[in-house]
Amino acid sequence: MLRNLLKKYDTTDLVMYLIGAVLAALVIYGSYQTLSSGKYSGEVWLDFIIFGLAQGSIYALIALGYTLVYGILFMINFAHGEVFMSGTFTAYFLAIYLDSTGFWNQHPIISILLALVVAVAVSTTIAVVLERIAYRPLRGAPRLVPLITAIGASFFLQYTFRGLYGSGVKTYPDVDALKGSWNIFGIEILKTQAVVIVASVILMVALRFYVQKTKAGRAMRAVAEDKEAAALMGIDVDRVIVNTFALGGASAAAAGIMYALIFKQVNAFMGFIPGIKAFTAAVLGGIGNLPGAMLGGLFLGVVESLGPSLVLDGLGIPAPYQLKDAIAFLMLVLVLIFRPSGIMGENLSEKKA
Amino acid sequence: MTQEKKPTWKDAIQLGVIGGVLVLFVSLVGMVQAFDGRYIISETLTLGQLLLFLPPLIVGYISATRTDAQHRVSGILFGSVSGLVTGAILAALLLLGSAINLRAMFINASPELMDILMFGQETLAVATAVLVIGGALLSVLGAVIRLSPPLIRSAILSGVSAVIIMGIMQELLKITFGGRDWYMPIDDFLYEQKGLSWMGVVVTFLLGVAISLWRARSASRPKKTVVKTRSRERQRYVQIGSFVLGAILLLILPQFLGPYPSEILNTVGIYVIMGIGLNIVVGYAGLLDLGYVAFFAIGAYVVGVLTTTGSLATVMWSWWLALPFAVLVSLLAGVILGIPVLKMRGDYLAIVTLGFGEIIRVVALSNWLKPYIGGAQGILQVPKPQIGDFVFKDPEQIFYLVAIGIGIVAFVAFRLRDARVGRAWKALREDEDVAEAMGINLVNTKLLAFATGAAFAGLSGAIFATKLGSIFPHSFNLIVSINVLSLIIVGGIGSIPGVLVGAFMLVGLPELLREFADYRMLMYGALLVVMMLVKPEGFIPEKTHKAELTDRGDVDFDSEIEPIAPAITEI
Amino acid sequence: MKNIKWITFALVVMLALVLAACGGAKEEATPAPAATEAPAAAATEAPAATEAPSQPAEEMACDDPLGCISVAAGDPIRIGYALVVSGPNETLGVDSRRGIEIAIDDKGEVLGHPIELVGEDALCSAEGGQAAATKLASDPTLIGVIGTNCSSAGEPASAILSDAGTVLVSPSNTAPSLTDPETHQAGYLRTAHNDKVQGKAVAEYAYNELGARTAATIHDGSPYAEQLQQVFADVFTELGGEIVAQEAVNAGDTDMRPVLTSIAVHKPDFLYYPIFIAEGGFITAQAKEVSGLEDTILAGSDGMISPDFVAAAGDAAEGMYISGPNLAFESELGKHFLEAHQAKYGEDPLSAFHAHAYDGANMLFAAVEKVAVQDADGNIYIGRQALRDALFATAGMEGITGTITCDEYGDCADPQIVINQIQNGEYVPVWPK
C-alpha cells in the first residue's frame with residue numbers, strides 16, 4: 001500500500017507537500033492561537049470577512065477583464081491596471097462637474113451611469129489602441145516580448161495621465177444615497193460594499209453568458225483554442241481579439257467606477273497595485289476561467305482582510321497588517337502546491353458550452 | 001506591399017490626425033512647457049519647441065514614404081495636407097485654451113503653454129495661421145527630406161540628430177568635463193550660455209553628415225566573407241582579444257569620466273550582474289521569474305547586517321568576509337524558492353515568484369524584523385571595502401568592484417552555458433517533457449538554474465549595499481525585477497552581450513535622462529514599447545533564439561495551443 | 001559566427017557611448033591621452049570656472065578652505081534640487097519643487113544675478129539620492145542643493161554633497177539620524193522638523209490636553225511615519241499612557257477597514273497615524289465606518305496638511321487633529337504663497353513641504369547675500385565654507401513655517417509645533433493657545 005502510494009508521488013512531490021504541510025500547520029497554529037485568545041469577538045470576524053469580500057469584489061471585477069484577455073491571448077496584460085485607471089480618472093471630471101451643478105446627488109443613478117459611459121468610452125479606447133499599437137505587431141513574437149511592451153505601456157499610461165490631469169489626490173464626490181449601511185439578515189453591511197459585491201456578480205454572470213452563449217463569445221473561444229483553425233473556419237481573428245480587448249476595457253471601466261464609489265480617491269498610479277492583485281486573483285482562480293477569477297478575487301480579498309489578524313497575530317508578529325501581502329502570497333503558494341492549476345482549474349476554451 | 005498603394009486624401013488626413021494627437025500629447029502632458037527653457041540652439045530653438053516641430057515633420061516624412069519616386073509632387077502635396085491637419089489641431093488647442101479654462105481638467109493647459117503656442121504673435125488669428133501654415137511647411141520639409149536621394153537624406157537626418165543630441169548633452173558634458181582644462185575651449189566653441197552656438201550647430205551638423213557618409217561608404221564596399229572562413233580557433237582569439245580590449249577600456253574609463261558618469265556605470269553594472277543572473281533562469285532555463293529582486297535584497301541585507309557599524313551592529317565584519325555569506329545565503333534562498341515551484345509552469349511560476357519578491361520586501365520593511373534589520377529605518381553605516389589602504393569609496397573606485405563582479409559572473413555564465421548543464425537548461429527551455437524523457441534530471445537542473453541566478457543577484461546586492469552605504473527596503477520593489485527582466489529581453493534573451501546593451505539602454509539611458517525628471521518614466525515606457533516593436537528579438541539576439549524566430553516565420557501559432565506551457569517553451 | 005560581429009558591435013556601442021560622453025573630444029579623436037591626465041581634480045578644490053567667453057581674470061583671491069564659487073556678471077546663480085519627482089511619492093517632490101520655484105519668483109534676483117534652478121530626480125530611495133547627489137556634486141557652479149524629500153535618499157546624499165563642499169538643505173527629511181551629533185554631515189541642514197520634536201509634541205498634547213490614556217498608532221512603512229509614531233509611542237508611554245496597538249499599512253493600500261477593525265477591538269482613546277494624504281484620507285474616511293472607533297480621537301501630522309487631504313477624507317476629517325509647523329494660513333506670507341501657487345500651477349499645494357522648501361531656498365539666498373563678495377564688474381565670489389557657516393548661523397529668519405534658527409547640527413525648523421484641528425474644512429491652530 002504505502003509503497004504504491006510512494007511510487008505515485010516522487011520525491012519532489014513529497015518535498016513540496018511537506019513544505020505545503022508546514023505552511024498549513026503554521027496557518028492552523030496561528031489561527032488556533034488567535035481564536036483561543038478570544039481577542040476578537042464573532043462580530044469582529046464577520047466584519048473582517050465582509051470587508052474582505054468587498055475588497056475582493058474589486059479585485060474580482062478587475063480580474064474578470066484581466067482573465068478574459070488572458071484566456072484568449074495567453075498574455076499577461078500588465079497594462080490592464082492602467083486601462084482601469086484611465087477611465088475612472090477621466091470620469092472624475094464629469095463627476096465633479098455634475099456635483100458642482102447639484103445633479104450628482106439629485107439623480108445619483110443617472111449620474112453614475114453617465115460616469116460609467118465616459119469611463120467605458122475612455123478605457124475601451126485605450127485598450128483597443130493599446131492592442132493595435134503595442135500587441136498586435138508582436139503577435140508572432142515570443143510571449144515575453146508583449147509582456148515587456150505591456151510593462152512599457154503601463155508606465156507610459158501612468159505618466160501620461162499624471163501629466164494630463166496632475167499628480168494631486170483627486171476625490172470623487174460622495175453619493176448621498178450610498179452612505180450608511182443596510183442591515184441584511186442581521187448583518188450590518190455598508191451600502192457601497194453591498195453594491196460592489198452585487199455588481200461584481202452581475203458582471204461575472206454577464207461576461208460568462210457573453211463568452212459561452214453568444215456567437216461572438218463562441219468566436220472568442222475558438223480563437224483561444226486555436227487561432228489558425230479559427231481563421232480557417234472564417235473567423236476574423238484580429239476582430240475577435242479587438243473585441244476581447246474592448247470587452248476587457250469596458251469591464252475594467254465598470255470596475256473603476258465601482259472602485260471610485262467605494263474608495264473615492266483616484267490618481268494616475270491607482271491601477272498598478274490592483275492590476276497586480278487582479279493578476280494574482282486570475283492565476284489563483286485558474287487562468288482564463290471567469291468564475292475562477294471571481295473566486296480568486298474574493299479569496300484574495302478575504303485572506304488579506306482576515307489573514308493578518310487570524311494567522312499572524314496568533315504567531316505573535318507585531319503590526320501584522322503590514323504583512324498582508326506576504327500572507328496573501330503565501331496562501332497563493334499553498335493553493336498552487338495542492339492545486340497546481342488554480343482553484344477552479346483553467347481555461348476558457350476547455351469549457352465546452 | 002502597402003508602399004505601392006497610392007496615397008489617398010484619407011490617408012493623409014489620418015496621418016495628420018495622428019500628428020495632431022502627438023502635438024496635443026506633448027503639450028498637454030506638460031513637456032512643451034517644462035522644456036521651454038531648455039535651449040537646443042542658443043536663443044533660437046528650445047527643446048519644447050522641438051517637440052512641437054517634430055510631429056509635423058515626421059508626419060510629412062511618413063506621408064511621403066507612401067508614394068513612390070514617380071509621384072514626388074503628390075507626395076509633397078499629401079505631406080503638406082497632413083501637416084496642415086496637425087497644425088490645425090494644435091491651433092484648435094490654442095483657440096480653445098484661450099477661450100475657456102481647460103485647466104480644470106488638463107492641468108498643463110496653462111497660460112504659459114498658450115503663450116508658447118502663440119509663438120510671439122500678437123493676435124490669436126495670426127498665431128492660428130502661423131500654426132497651421134507652419135505645420136504644413138514643416139511637413140513639406142519632412143516630405144522633401146524623404147524624397148531626396150537616399151545618400152543626402154541619411155546625411156541630413158544624421159546631421160540633424162547630431163545637433164539635437166549635442167544640444168541635449170550640454171549640461172551633461174559640462175558636468176562631466178567642466179573641471180578639465182582641455183574641455184573649456186571646446187565648450188566655449190560649441191555652446192553659448194544655454195544651447196549650441198551657431199558655430200556649434202554647423203560643426204555638429206557637419207560631423208553628423210560626415211558620419212553618415214562614412215557609414216554609407218563602408219556599407220557600399222563589397223562585404224568580405226572572411227568571417228565565415230575563419231577557423232573556430234581564430235574566432236576564439238578574436239573573441240578573447242575583443243574582451244581584453246574591452247577590459248582595458250573599462251579599467252581606464254572611470255578615471256577618464258569622473259564621478260557622475262562612473263556612478264551611472266556602476267548602477268548599470270549592478271543591473272548587468274543581475275541581468276546575467278536572471279538570464280540563466282529565464283534565458284537559459286526558460287523559467288519566468290518576476291521576483292528576482294528578492295535575492296538582490298537578500299544579498300544586500302546579509303552584507304548590511306554582517307558589516308554595519310551603526311546602531312544595528314552585529315559582528316562588524318569587513319565587506320570581503322561578508323561577501324561569500326551574502327552569495328551563499330542568496331543561493332540557498334534560490335533553492336528554497338525553487339522547490340515549491342518545481343512543478344509550476346508558465347504564468348503560475350511568474351506569479352509565485354512575483355509573490356516571493358513581495359514577501360521579502362514587506363518582511364524587510366516589517367516591524368517584526370525591525371530589531372534585526374532596521375525595518376523602515378533601514379541599515380545605516382555599511383562600510384566600504386578596503387584592500388590595505390585602498391578604500392573603494394568614490395564611484396570611480398566602486399567601479400572596479402562592479403567590473404570585477406561582472407567579469408566573474410559573465411565568465412561563469414559563459415562556461416555554464418557551454419557545459420552539460422547549459423545544454424540541459426536549453427532542453428528544459430525547449431520542452432520540459434521531452435527533456436525529462438531524455439533523462440535530464442528536472443529537479444536538479446531547475447534548482448541549479450534558480451540557485452545560480454540567485455547567487456549572482458546576491459553578489460549584485462552585496463555590491464549595491466556597500467556602494468550606497470545604507471540599505472532601505474524601498475530599494476527592493478517590484479520595479480527592480482521588472483527592470484531586470486526588461487533589460488534582458490530588450491538586449492536579446494539568452495545573450496550575455498545583450499544584457500550589457502539592454503542595461504545601457506534601460507538603466508544607463510534613464511540615468512542620463514535624470515534631468516528630464518518628471519518625464520523620465522514616460523520616456524522609459526515609450527522606449528520599452530518602441531524597442532520591442534522595432535527589435536522584438538532584442539538588440540543582440542542569441543544565435544539559437546534568432547534561428548528559432550526566423551525559422552518559424554511571422555506567425556507562431558504553435559505557442560498558443562498549450563495554454564500553460566507557452567511561457568516556458570516560447571521564451 | 002555572428003557572435004564576433006555582435007561583440008564588436010557591443011564594443012563599438014560602448015565606445016560610442018564613451019565617446020558620446022566625452023562629446024567634444026571627438027574632433028581630436030584622441031581620448032587616450034586625456035585619460036592619463038585624470039587625477040580628477042576634486043571638483044571642490046578647483047575654483048569653478050565660468051563659461052562666459054569674456055571671462056575676467058580671477059583677481060579676487062579665494063582663501064576659503066573649501067574653495068569659492070564665482071558667478072560672472074549677468075550669469076545666473078544656480079541652485080540645485082534633489083527631490084522625488086517621479087514614482088508613487090512624487091507629490092512630495094513636486095510640491096517641494098514648487099515651493100522653491102515660488103521662492104525664486106518672489107526673490108527675483110540675488111545681488112543682481114538671476115536665479116536658475118536645476119534639478120535631479122532623487123526618488124524616494126537611497127540609490128536615487130546617491131545618483132542625484134553625485135551628479136549635482138559634480139556641477140561646480142551650484143551654490144547649494146535643496147533636497148531630499150525622503151530620509152532614505154538623504155542619507156547618501158548628505159554625505160556626498162558634504163564631501164563635495166556644497167550644502168544640502170532638506171525640506172522634508174525628518175529622520176533623527178541625519179542631525180544626530182554622531183552622524184551629522186558637515187553640509188547638511190533641514191527646515192523640516194526632526195521627528196523627535198513633533199512626535200513628542202503630539203504625545204504631550206494627547207495626554208495632557210486631550211486626556212487620552214490609551215492610544216494606537218498606524219504607520220505606512222515610510223521611515224518618516226515609522227519613526228514619528230515610535231517617538232510618539234515612547235513619549236506617550238513615558239507620560240503614563242498605554243499604547244494598545246502599533247499597526248502598519250502599506251503605501252498604496254486602499255481598504256483600511258480590516259486594520260482599523262483590529263485596532264477598534266482595543267477601543268483606544270487616541271489614534272495617531274502620521275502618514276500621507278492618500279492613505280491618511282482612507283483611514284480617516286473609513287475609521288468612522290468601523291464600530292469601536294466612534295469615540296476615538298484621530299490625529300495625523302504634517303504629511304497630511306493639504307486641502308487635498310480634507311477633500312479626500314471628506315466629512316470624516318472634521319474635528320481631527322493635525323500636528324505640524326505653524327503654517328498659519330492666515331499669515332501674510334502663507335496667504336501670498338497659496339495665491340501664487342494657485343496662479344502658477346492651477347491647483348492647491350500637493351503636500352505639506354512646499355513651505356519648508358520655500359523657507360529653505362530663502363535661507364540659502366539670504367546666506368549668499370551675506371557672504372558673497374562682489375567686485376566692481378558685478379562678478380560675485382562665494383566662499384563655500386563661508387556660505388556653510390552663514391547657513392548654520394541663520395537665526396530669527398521669518399518664514400512660512402515660523403521663525404527659522406539653525407543649530408550646529410543643522411536642525412533649523414521652528415521648534416514650535418502647532419496642533420491644528422480641522423474645523424469646517426480648515427486647519428485651525430488650537431495649541432499652543
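Which strand of chain C holds C:Val430? In this predicted model, C:Val430 belongs to strand β18, which covers residues 426-431 of chain C. Leaving out residues up to four places away in sequence, C:Val430 touches C:Tyr205, C:Tyr321, C:Ile419, C:Asn420, C:Gln421 and C:Gln423.

The loop between β17 (417-423) and β18 holds C:Asn424. Its phi is positive, about 50 degrees, although C:Asn424 is not a glycine. C:Asn424 has a relative accessibility of 72%, so it counts as exposed. The peptide bond from C:Trp431 to C:Pro432 is cis, and its omega is near 0 degrees.

Now take chain C as a whole. Its secondary structure amounts to 13 helices and 18 strands. The chain has 433 residues, and 65% of them count as buried. Consider its contacts with a separation of 6 or more: 69% of them involve residues 24 or more positions apart.

Next come the disulfides. The structure has 2 of them over all chains. One joins C:Cys124 to C:Cys150, with an S to S distance of 1.9 Å. The angle about the S-S bond is -100 degrees, and the link is left-handed. C:Cys124 sits in the loop between β4 (113-121) and α4 (126-137), while C:Cys150 sits in the loop between β5 (142-147) and α5 (151-163), so the bond ties together parts that are 26 residues apart in sequence. C:Cys150 counts as buried because its relative accessibility is 9%, and the cut-off for buried is under 20%.

The loop between β5 and α5 of chain C has another feature. C:Thr148 is placed there. A cis peptide bond joins C:Gly147 and C:Thr148, with omega at about -5 degrees.

A disulfide also links C:Cys406 and C:Cys412. Their sulfur atoms are 2.1 Å apart. The angle here is 110 degrees about the S-S bond, and the link is right-handed. Both C:Cys406 and C:Cys412 are buried.

Turn to chain B and its helix packing. Helix α15 (residues 319-338) packs against helix α21 (residues 442-468) at an angle of about 145 degrees. Their axes are 7 Å apart. The crossing of α15(B) past α21(B) is right-handed. On the α15(B) side, the residues that meet α21(B) include B:Trp319, B:Leu323, B:Val327, B:Leu331 and B:Val335. Among those on the α21(B) side are B:Leu447, B:Phe450, B:Ala454, B:Leu459 and B:Ile463. By class, the contact has 14 nonpolar residues, 5 polar ones and no charged ones.

What about the nonpolar cores? The largest has 346 residues. Those with the most contacts inside it are B:Ile276, B:Leu485, C:Leu260 and C:Phe309. Helix α3 (residues 42-73) of chain A gives the most to this core, with 17 residues. B:Ile276 shows what such a position looks like. Apart from neighbours within four places in sequence, B:Ile276 is in contact with B:Ile406, B:Val409, B:Ala410, B:Ala413, B:Phe456, B:Ile496 and B:Val499.

The last stop is strand β1 of chain B, residues 39-41, where B:Ile41 is found. B:Ile41 has a relative accessibility of 10%, so it counts as buried. B:Ile41 and B:Gly195 are 154 residues apart in sequence, yet their C-alpha atoms are 4.5 Å apart in space. Beyond residues up to four places away in sequence, B:Ile41 touches B:Gly195, B:Leu196, B:Trp198 and B:Val201.

B:Glu43 lies in the loop between β1 and β2 (45-46) of chain B. Is B:Glu43 buried or exposed? B:Glu43 counts as exposed because its relative accessibility is 67%. Its phi is near 60 degrees, a positive value in a residue other than glycine.

Terms used
Residues numbered from 1 in each chain as written. Chains lettered and ligands numbered in written order. Predicted model: local features only at pLDDT ≥ 70, side-chain atom pairs only at ≥ 80, totals over all residues. Heavy atoms only, no water. Axes fitted to C-alpha atoms, helices over the stretch in contact; angles between N-to-C directions. Helix = DSSP H or I, 4+ residues; strand = E, 2+ residues; numbered from the N terminus. Left-handed = near helix turned anticlockwise from the far one by under 90°. Contact = heavy atoms within 4.5 Å. Nonpolar A, V, L, I, M, F, W, Y, C, P; charged D, E, K, R; others polar. Disulfide = S-S within 2.5 Å. Buried < 20%, exposed > 50% of the residue type's maximum accessible area, 1.4 Å probe, protein only. Core = buried A, V, L, I, M, F, W, Y, C linked by side-chain atoms within 4.5 Å.
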